[in-house]
Amino acid sequence: MDQIAPIVDAQDDEVEERDRPFNAYRFAASENAKAIVAEVIGLLLNFEAYFGLKKNKRRAKDQETFDLTVDAILSDLMHHHLVGEDGSIYVTRSNRVLGTKSRYRPRAYSKMFPYILDLLAKPEMGFVVQDVAPAVEGLARSTVVQAGQRLLSRIDEREIGLDDLGEHPHGETIILKRTKDVDDYWDDGGWQEYEDTAVTDQFRLEVDHINQWLASADLRFENTGIAWPQTTFHIRDRQLRRVFTQGRFDSGGRLFGGFWQRLRKHERRQGLWISGEKAVELDYGQVGPRIVYALSGQKPPTDDLYHLWGYTQQRDGIKRVMNAMIFASERLDRFPKGTRKLFRRSDKIGEVVEAIEAKHPLIKDSFHRGLGHETQFVESQIMVEVVLTLKAEGIVALPIHDAVLVPATKTSTATEIMLSAFRRHTGVEGIVTEEA
């Protein structure tokens, strides 16, 4: 069964793309922005009537969906233009996808979507520019869209800014991704439908509590002194979701979303303020291996788990190879992508793997068993508890996978909470460091 393509923030833990997916939750919030949408809807209805494209009047519900879709398309294109994002917005035109009921799809992304997009792109309209590439099996991101000249002129005429646009709460915050087909190059492990249970209800409730808390948080970003180019974002982009993997709710589960996850480290460090204070990033150190020790019923050594005799200058490489060994289901026979440059030309992957196993004999049998997604689930459970505990203390915390951003004066409290949560979930001691 085809899965709907991601339609909100499609950030993945491994992939960053120049184009971004259509955000069907945007809407015109101000009178000026609403006037643009109302004008365009009127023009489209007149166009349909003049060319006989619609013989019968739409039912009230269908007209509401039509209006909602036009609003979402125009608002997202205006937002894309105003923030100066590189690339375009990609969409799906697949009737099999858009016509299939899905918990992940908002009303604005219905089977009417391609028809409305084509109307907006008509030469007589000129509100959208689209590049519809030939259909390629397995390639779901072939169509890209941008604001047309008439929409750009309306933005200027009405002096539209980001504050004129809003974003509805996203429909589904608990995402389940199926296992990728290793034989299909194009398969990105699409979103999988599921039935709700007490577990998924609890996950959703926790994320909703976090999102409500962050929506009203005092967050500020100052770009003074930050070298160009900067990451483009909107300060109101704060909604998080949990993404589970491998078609299971005990796999993955990391929190994704929020403008701060898109910022570079130096941008967060220099420009982000929380509750009137500079933000400080607190990271769990050596989190993957420590959780593997816990899952194996063992206590980790007290020294640096990534420090290997004979590879003291290759610590970053050892860290990445070791974590790849945790995720891999077969013994590594080559350096993971992007890691070869972190080693000496004479270093061989087999020798590196053996050195890591020699350093960690207590968990040697836990490598190459595909435990990475399981360790991420434990990590994600810890992070959700940390954010909710800090919320109960009145402290705003912005999660970034295995780290949190907190106000500078709250680092001591946050560190204690992080260490306590790690110990409670794993039974072993954690490490928390302040990002320099």
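Analyst: A salt bridge is counted here when a side-chain nitrogen of Lys or Arg lies within 4 Å of a carboxyl oxygen of Asp or Glu. The general idea is that side chains of opposite charge can pair when their charged atoms come close. Please keep in mind that this is a predicted model, in which a search of the whole structure finds 27 salt bridges. In one of them, the side chains of Arg93 and Asp118 meet with N and O 2.9 Å apart. Arg93 belongs to the loop between E3 and helix H3 (95-98), whereas Asp118 belongs to helix H4, so this pair ties together parts that are 25 residues apart in sequence.

User: Are Arg93 and Asp118 buried, exposed or partly exposed, and how should I read the percentages?

Analyst: A residue counts as buried under 20% relative accessible area and as exposed over 50%, with partly exposed in between. Arg93, with a relative accessible area of 26%, is therefore partly exposed, and Asp118 is partly exposed as well, at 29%.

User: Which parts of the chain does the pair of Glu172 and Arg103 link?

Analyst: The side chains of Glu172 and Arg103 form a salt bridge, again with 2.9 Å from N to O. This pair links distant parts of the chain, since Glu172 sits in the loop between strand E6 (165-167) and strand E7 (174-176), while Arg103 sits in the loop between H3 and H4, 69 residues apart. Glu172 counts as buried, at 11% relative accessibility, but Arg103 is partly exposed, at 24%.

User: What does the salt bridge of Glu429 look like, and which residues are joined into one network?

Analyst: Glu429 pairs with Arg423, where the closest N and O atoms are 2.9 Å apart. Glu429 is partly exposed at 45% relative accessibility, and Arg423 is partly exposed at 36%. As for the network, salt bridges that share partners join Arg103, Glu172, Asp196, Asp201 and Arg204.

User: Let us turn to strands. What is the order of the strands in the open sheet?

Analyst: In general, strands of a sheet pair through backbone hydrogen bonds, either parallel or antiparallel. Here an open sheet of four strands has the order E1-E3-E5-E4, and its pairing is mixed. Strand E1 (20-21) and strand E4 (128-132) each have a single partner strand and stand at the edges, so one side of each is left without a neighbour in the sheet. E1 runs parallel to strand E3 (residues 89-91), to which two bridges join it, and Arg20 has Ile89 as its bridge partner in E3. Helix H4 (residues 113-121) lies across E3, E4 and strand E5 (143-147), and it runs at about 120° to E4.

User: How should I read the packing of H9 and H10?

Analyst: Two packed helices are described by the angle between their axes and the distance between the axes. For helix H9 (residues 315-327) and helix H10 (residues 349-359), the angle is about 80° and the axes are 11 Å apart. The two helices are therefore roughly perpendicular to each other. H9 contributes Ile318, Val321, Met322 and Met325 to the contact, and H10 contributes Ile349, Val352, Val353, Ile356 and Glu357. By class, this contact has eight nonpolar residues, no polar ones and one charged residue.

User: Which residues of H10 are buried, and what covers them?

Analyst: The buried residues in H10 are Ile349, Val352, Val353, Ala355, Ile356 and Glu357, and what covers the buried residues of H10 includes H9.

Methods
Residues are numbered from 1 along each chain as its sequence is written. This is a predicted model: local features need pLDDT of at least 70, side-chain atom pairs count only at pLDDT 80 or more; totals for chains, interfaces and linings use all residues. Side-chain values use heavy atoms; hydrogens and water are left out. Two strands pair if DSSP finds at least two bridges between them. Contact means heavy atoms within 4.5 Å. Axes are lines fitted to C-alpha atoms, for helices over the stretch in contact, and angles run from 0 to 180 degrees between N-to-C directions. Buried means under 20% relative accessible area, exposed over 50%, partly exposed in between (1.4 Å probe, protein chains only). Angles under 35 degrees count as roughly parallel, over 145 as roughly antiparallel, 65 to 115 as roughly perpendicular and the rest as oblique. Ala, Val, Leu, Ile, Met, Phe, Trp, Tyr, Cys and Pro count as nonpolar, Asp, Glu, Lys and Arg as charged, and the others, Gly among them, as polar.
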